[in-house]
Amino acid sequence: MIRTGPGHLPERHGLITIIALGEVIVAIGISVVAALEEDAGLTADTVIALAASGVFACLLWWAYFDRPGPALEHRAADFDGRGLSRYVRDVYTWCHAPFVAGIILAAAGLEAITLHPRDPLSVNFRAMLIGGLALTVIGIAAAVWRAFRTIAKERLVAGVALVVEHRRIED
C-alpha cells in the first residue's frame, strides 16, 4: 500500500485546475493567432474581448485558489485512514470533476467570443459559457459542503442564477 500525506491529492488537483485554466488562456489566445494569420491585426473589439477573457480566467483562478482550495487542503489534515480516503474521494473526485469540466466548458464559450467579438453569440456557445460557470461554482460549493457542512451561499446563489439563465437561453 502506498501512503501519501493529506496534502498530496489537494496539490495534484490544484495542478489539474491550473492546467484547466491554461485551457482558458489557450482558447482566448486562438483569436490572436487567427487575426495575425489574416494580417488583419488586432481590432479594438478583439483586444477588449481578450482583456475581458483574461480577467475571467483570473477570476476563475481566484474563485478556487483564494480560499476554497487552501481550506479544503487544510481540512484534509483533520482526517486519517478511511475518513481521509472518503474525504479525498468526495472532494477531489466527485466535487472536483464538475469544477474542472466547467472551466474547460467555459473556455470553449470564451473562444467563440474572442474569435468573433462583434457577432452575436450562438445559443450553444452561450450555454457552454454559462453552463461551465454554473458547474464551476456548484462544484466548489459542493466541495465546501462536503468539507465543512456549511453552505457557500454566494456560490450556491451564483450557481442557481446561472442555471436559471441557462434555462432562459434554451427557451
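Begin by selecting Arg 67, which counts as exposed at 62% relative accessibility. The model is a predicted one, and every value on this tour is computed from it. Arg 67 forms a salt bridge with Asp 66, and the closest N and O atoms of the pair are 3.9 Å apart. The cut-off for such a pair is 4 Å. Asp 66 is partly exposed, its relative accessible area being 37%.

**Other salt bridges**

Counted by this rule, there are seven salt bridges. Select Arg 75 and Asp 78 next. Their side chains form one of these bridges, with the closest N and O atoms 3.0 Å apart. Arg 75 is partly exposed, at a relative accessible area of 24%, and Asp 78 is exposed, at 51%.

Now move to Arg 89 and Asp 90. The side chains of these two residues meet in a salt bridge with an N to O distance of 2.8 Å. Is Asp 90 buried or exposed? Asp 90 counts as buried, with 17% relative accessibility; the limit for buried is under 20%. Arg 89 is partly exposed, with a relative accessible area of 40%.

**The network at Arg 146**

Which residues are linked with Arg 146 in a network of salt bridges? The network consists of Arg 89, Asp 90 and Arg 146. Arg 146 lies in helix H5 and is buried, its relative accessible area being 16%. To see its surroundings, show Phe 79, Arg 86, Tyr 87, Asp 90 and Val 91: these are the residues in contact with Arg 146 once neighbours within four places in sequence are left aside.

Follow the chain onward to Arg 149, in the loop between H5 and helix H6 (153-170). Check its backbone here: phi of Arg 149 is near 55°, a positive value in a residue other than glycine. Arg 149 counts as exposed, at 51% relative accessibility.

**The nonpolar core**

In soluble globular proteins, nonpolar side chains tend to be buried together. Here the largest nonpolar core has 32 residues. Select Val 24, Leu 72, Tyr 87, Tyr 92 and Ile 103, the members that touch the most other members of this core.

Colour by element to see where the core comes from. Helices H1 (8-37), H2 (44-65), H3 (68-76), H4 (81-115) and H5 (123-148) are the elements that give two or more residues to it. Which element gives the most? H4 does, with twelve residues.

Zoom in on Val 24. Apart from neighbours within four places in sequence, Val 24 is in contact with Ala 57, Leu 60, Ile 103, Ala 107 and Leu 110. Ile 103 is, like Val 24, among the core members with the most contacts to other members.

Notes: Residues are numbered from 1 along each chain as its sequence is written. This is a predicted model: local features need pLDDT of at least 70, side-chain atom pairs count only at pLDDT 80 or more; totals for chains, interfaces and linings use all residues. Side-chain values use heavy atoms; hydrogens and water are left out. A nonpolar core is a set of buried Ala, Val, Leu, Ile, Met, Phe, Trp, Tyr and Cys residues joined through side-chain atoms within 4.5 Å. Buried means under 20% relative accessible area, exposed over 50%, partly exposed in between (1.4 Å probe, protein chains only). Helices (H or I, at least four residues) and strands (E, at least two) are DSSP runs, numbered from the N terminus. Contact means heavy atoms within 4.5 Å.
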